[in-house]
Amino acid sequence: MDQEGFRKAAHAVVEHIIEYNSTLSDRPVLPKIQPGYLRDLIPSNAPEQPEPWPLIQADIESQIIPGLTHWQSPNFMAFFPALVTYPSLLGEMYSAAFTAPAFNWLCSPACTELETIVMDWVAKALALPDCFLSTSSGGGGGVIHGSASEAIVTTMVAARERYLRVRADAEGLRDGTMERDDRIAFLRGRLVALSSDQAHSSTQKGALITGTRYRSISTCLSEDLSLTAPRLEEALQQCHADGLEPYYLTLTLGTTSTCAVDDFASIATLRSKYPNLWIHIDAAYAGAALILQEYQAQYSQDIGRISDSFNFNMHKWLLVNFDASCLFVQNRNHLTRALSINPSYLQNNFTESGLVTDYRDWQIPLGRRFRALKIWFVMRSYGIEGLRMHIENSLRVGETFTAMVVERRDLFEIIATPRFALTCLRLRPGVAVAARMKQRQVNEKMYMSGDAELPHPRSAGIASWGASDTREEQTIKVDAQSNLPGREGQEQASETLANNLTKDIADLINSRGEIFITPTTTARKTLIRVVSGNPVASKEHARKAFDIIVRTTEEVLDKCRQGEDLRN
Ligand code: PLP
């Protein structure tokens, strides 16, 4: 493709992208294809001869778009958003055009210097304490990673090395001695990373990658699924009692299932007792809300007081497209000491002078993309004011949705406090049981008329409460004398039934593809998570989603009353 060919093709692509965006609301958000659909459409070998661009581009509409889940649709309310905006797209274009894998400052000074500057912009926009700025006296700073998982595993390596060094130093073991190496090797095998049972699986995965152990700390609904100081302290003491060395703790601002927030303020009281425990705050999604003063007032100071590192994905809710995970550390030396290796081909006078940043020492890969451009473009095009308006809009849409769920409290219950535009709802167990009782009456009528058999006597009591449904496995507590479920058993059975029907509702909604929502199970409750961070999402989209959920719920309940199995 020559320059003229590129000009024409690029213009055509831009037109197509604009058209795609303008039709997003009308497209089903989920694709209607079967696994392997693309194999039948695309030849199994690359073409021998060059093909003209119009032919290639036409296949986007006919072959690729039918297999897309439309994350940019305002009807996408699943997982967390992963947004893209035009200024961000333009940043990607330039980044691709320059393609400079700037691992060292010298490999493209503008890439490194812009990254340092925009990371400071971001830290200031979120009102993170000064200790996270590149200009801080303690050696803080920000770096753009590809994902929150990458930020976690990278800081885990820094934490591991710091922990081992501090322990060995404290024991008076001299560098380069066999004794020190042996002691470090022993301690390494005892290291354990911790997080609450609500934290994202990336902490567990990070422990896997760093070759350390992992323990999760349980939380409960009565504490809003938040990790508290007493629970943390108990877990730390248990680790020590078991001869383990807790070296890393992930706290979360906005957990994946319910957007729960760990109790930073109470945990801060433990900080001085465990100075060598690296605390990372994972705010992958909800960190974007810190652009608003009300959230800054609530969280920013505590983040500075307790955490060694903090990250959030600008590529989720803050209008920069994937990938742009912003990691901030209070002391960048811990990263560079752990990750810096200097083969001769990477050495240069600028690095030696100590005056420049080489971001390769702040991450796992060597090469890196010029991601700072898209952050720069988005922050300038929207202004901090525009970013605030966007987050405020999402919060308003979320509140509208929550209010509608509350109005139908006869049908649904909300699990965990709705936060950051996310609402988690579930069918009320009482409603599920009433529907199953109705089915029991239908069965009995049919039995009396000789058209059906009643369930086996041993399961009769259970069946009347719906636990004959075997999808969610559990042992129902049965009263020893009557062989029927006791009060606790009945509660368990109704919970199981509500869980299974909630999952049926979510699956049926997603199979139709009008909206996309996520079912999940946490604290033994199956929930439907509804969250929309889309900039064009409005109260009307929230209303439409809620109407679909109510309609589908009625449908599932009707089928349950008739005794129909939705999975058939
Ligand atoms: N942490 C939290 C709280 C998340 O919700 C997620 C993903 O949604 C992650 C971490 C992992 O994000 P990434 O895909 O950037 O690794």
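In this predicted model, helix α14 (372-407) and strand β11 (525-531) each supply at least two residues of the lining of the largest cavity. Of these elements, α14 gives the most to that lining, with four residues.

**Cavities**

The structure holds four cavities of 30 Å³ or more. The residues that line the largest cavity include M77, S394, V397, G398, F401 and A421. T423, V530, V531, S532 and A542 also belong to this lining. By class, seven of the lining residues are nonpolar, four are polar and none is charged.

The second largest cavity is lined by L232, L236, I267, L270, R271, Y274, L277 and I279. Here the classes are seven nonpolar, no polar and one charged.

Of the 19 residues lining the largest pocket, I17, Y20, L68, V84 and L89 are the closest to its centre. Helices α1 (3-22) and α2 (53-64) each supply at least two residues of the lining, and the largest share, five residues, comes from α1. The lining of the largest pocket has twelve nonpolar, seven polar and no charged residues.

The second largest pocket has 26 lining residues, and those closest to its centre are F80, H200, T256, A284 and K316. At least two lining residues come from each of α5 (148-170), α11 (314-317) and β10 (518-522). Strand β10 has the largest share, three residues. This lining is made up of ten nonpolar, 13 polar and three charged residues.

The volumes of these spaces are listed below.

| Space | Volume |
|---|---|
| Largest cavity | about 60 Å³ |
| Second largest cavity | about 40 Å³ |
| Largest pocket | about 510 Å³ |
| Second largest pocket | about 440 Å³ |

**Domains**

The chain is divided into domain 1 (83-144 + 283-385), domain 2 (147-278) and domain 3 (408-567). The contact between domain 2 and domain 3 takes twelve residues from domain 2 and 13 residues from domain 3. The size of an interface is often given as the accessible area lost when the parts come together. Domain 2 and domain 3 bury about 980 Å² between them, and 60% of this area is on carbon and sulfur atoms. On the domain 2 side, L221, D224 and T258 supply 47% of the area buried against domain 3, more than any other three residues.

How many salt bridges are counted between domain 2 and domain 3? The count is one salt bridge. The side chains of R419 and D224 meet in a salt bridge, with a distance of 3.0 Å from N to O. D224 is also one of the three residues named above for their part in the buried area of domain 2.

Notes. Residues are numbered from 1 along each chain as its sequence is written. This is a predicted model: local features need pLDDT of at least 70, side-chain atom pairs count only at pLDDT 80 or more; totals for chains, interfaces and linings use all residues. Side-chain values use heavy atoms; hydrogens and water are left out. On a 1 Å grid over the protein atoms alone, a cavity is a set of points where a 1.4 Å probe fits but cannot get out, and a pocket is an open set with protein on both sides within 12 Å along at least five of seven lines; lining residues have an atom within 4 Å of a point. Grid points are joined across faces, edges and corners, and a volume is the space filled by probe spheres set on the points. Ala, Val, Leu, Ile, Met, Phe, Trp, Tyr, Cys and Pro count as nonpolar, Asp, Glu, Lys and Arg as charged, and the others, Gly among them, as polar. Domain bounds come from an automatic or database domain assignment. Contact means heavy atoms within 4.5 Å. Buried area is the accessible area (1.4 Å probe) that two parts lose on being put together, summed over both. A salt bridge is a side-chain nitrogen of Lys or Arg within 4 Å of a carboxyl oxygen of Asp or Glu.
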